[in-house]
Amino acid sequence: GDFLSCAFEDSLNNGIWFGTTRGLHFYNKTDKDFTRVLFDRSDNEFDGNSSLLIDRKSRLWWGTTEGVFIMDLRSFGISRTQFKYTYLKYKLDDPASMKLEKISCILEDKDGNIWLGSNGHGLYQAIEDSLHNFTFKNYTRRNGLPNNYIIGIVEDDYNNLWMTTNYGLSQLNRNTLF
């Protein structure tokens, strides 16, 4: 009865991650079994799970209709029940607003930058400090996006980010941002 909305292969843990309406699931290719991964939440279920990404630092990013989870995959490999993760539920650049964040897509660009598209708050760039804490730079209609509903993101050979939105296609030239 689960609706599968996204999947990502995990070579570190020899498995595949699945985002479903009943939460996050891990398929262990060695043991050929599924594990429902539980976070410190009452139900671990969301209206939508739209994106999964494993970055080059072995972290799983899971975008949901109630924020984003960032899991340390090495700690998951040690214990499937006691692993390290961060949960960011509210507007990424202004969590004190208590506005629920809805992440629709996630991309790691060629330089290792993480980009998150949201359903209503535009595009975010994750900025990691030396203690592995994140802050987020937000790009919205004020910065030239046609709409703040980002559906998908890809990167081309020239470091441009291409985003699909509710109002068409948008291009962001990363070379002019830095």
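What you have is a predicted model, in which local features need pLDDT of at least 70 and side-chain atom pairs count only at pLDDT 80 or more, while totals for chains, interfaces and linings use all residues. Residues are numbered from 1 along each chain as its sequence is written, and side-chain values use heavy atoms, with hydrogens and water left out.

Let's start with pLDDT, the predictor's confidence in each residue on a scale from 0 to 100. The protein has a mean of 91, and 95% of its residues reach 70 or more. Among its elements (helices, H or I, of at least four residues and strands, E, of at least two, taken as DSSP runs and numbered from the N terminus), strand 10, residues 114–118, has the highest mean at 98. The lowest mean, 88, belongs to strand 5, residues 49–54.

Now for the largest pocket. On a 1 Å grid over the protein atoms alone, a pocket is an open set of points where a 1.4 Å probe fits, with protein on both sides within 12 Å along at least five of seven lines, and lining residues have an atom within 4 Å of a point. This one is lined by 15 residues, with Arg59, Ile70, Thr86, His132 and Phe134 nearest its centre. Strand 7 (67–72) and strand 8 (85–88) are the elements that each give two or more residues to that lining.

Next, a hairpin. Strand 3 (residues 23–28) and strand 4 (residues 33–37) run antiparallel, joined by 5 bridges; strands count as paired if DSSP finds at least two bridges between them. Asn28 has Asp33 of strand 4 as its bridge partner. With 4 residues between the strands, the hairpin has Lys32 at a positive phi near 55 degrees.

Over in the loop between strand 5 and strand 6 (59–64) sits Asp55. Asp55 is buried, at 6% relative accessible area (buried means under 20%, exposed over 50%, partly exposed in between, with a 1.4 Å probe and protein chains only). Its side chain makes a polar contact of 2.9 Å with that of Trp61; such a contact is a pair of N or O atoms within 3.5 Å, where within protein one must be able to donate a hydrogen and the other to accept it, and residues adjacent in sequence count only if both atoms are side-chain atoms.
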